[in-house]
Amino acid sequence: MNQELLYKDCIEACLQCMNACNVCYVSSLKEYELAMLRECIRLDRECADICDFAAQSMIRQSPFVHEICELCLKACEACAEECGKHQHEHCKECAAACRRCADACRQMLTAA
């Protein structure tokens, strides 16, 4: 796979993950069992910000893309693991988006 296509796929995955994390974050705040979702909410916010940062760094072709994608991969894996513990549909969708983004970042790292 060529570098340009890798960037495009990873940027798309990051932006989709950011959106899923933001939806999960807002939706979790509306749930009754807020205390149970505290870590999910925290990681949703963190992951959304890191995914946005990763996408922007790839768009700018930052010299730090490798390190930023490595961080994004870790954040997505942590968020997917936490969201995967919950039965809410928004958590399941977020976990799936995080896994896809982690895979896309992994591809970027192995290709670099």
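I began at Cys-14 and, leaving aside residues up to four places away in sequence, I found that Cys-14 touches Cys-51, Ala-54, Ala-55, Met-58, Cys-72, Cys-101 and Cys-105. I keep in mind that this is a predicted model.

I then looked up the core around that residue: the largest nonpolar core has 43 residues, and Cys-14 and Met-58 are those with the most contacts inside it. At least two residues of this core come from each of α1 (3–29), α2 (38–60), α3 (65–83) and α4 (89–111). I note as background that nonpolar side chains tend to be buried together in soluble globular proteins.

Next I went through the secondary structure, where I counted four helices and zero strands in the chain, which reads α-α-α-α along the sequence. The radius of gyration is 14 Å, close to the 13 Å that the globule rule gives for 112 residues, so I recorded the chain as being as compact as a globular protein of that length. Taken along the principal axes, the box that the C-alpha atoms fill is roughly 45 × 20 × 15 Å.

Last, I looked at charge, and found 12 positive and 18 negative side chains in the chain, with the centres of the two sets 2 Å apart.

Methods: Residues numbered from 1 in each chain as written. Predicted model: local features only at pLDDT ≥ 70, side-chain atom pairs only at ≥ 80, totals over all residues. Heavy atoms only, no water. Rg over C-alpha atoms; globule rule 2.2 N^0.38 Å. Lys, Arg positive; Asp, Glu negative; His and termini not counted. Charge placed at Lys NZ, Arg CZ, Asp CG, Glu CD. Core = buried A, V, L, I, M, F, W, Y, C linked by side-chain atoms within 4.5 Å. Buried < 20%, exposed > 50% of the residue type's maximum accessible area, 1.4 Å probe, protein only. Contact = heavy atoms within 4.5 Å.
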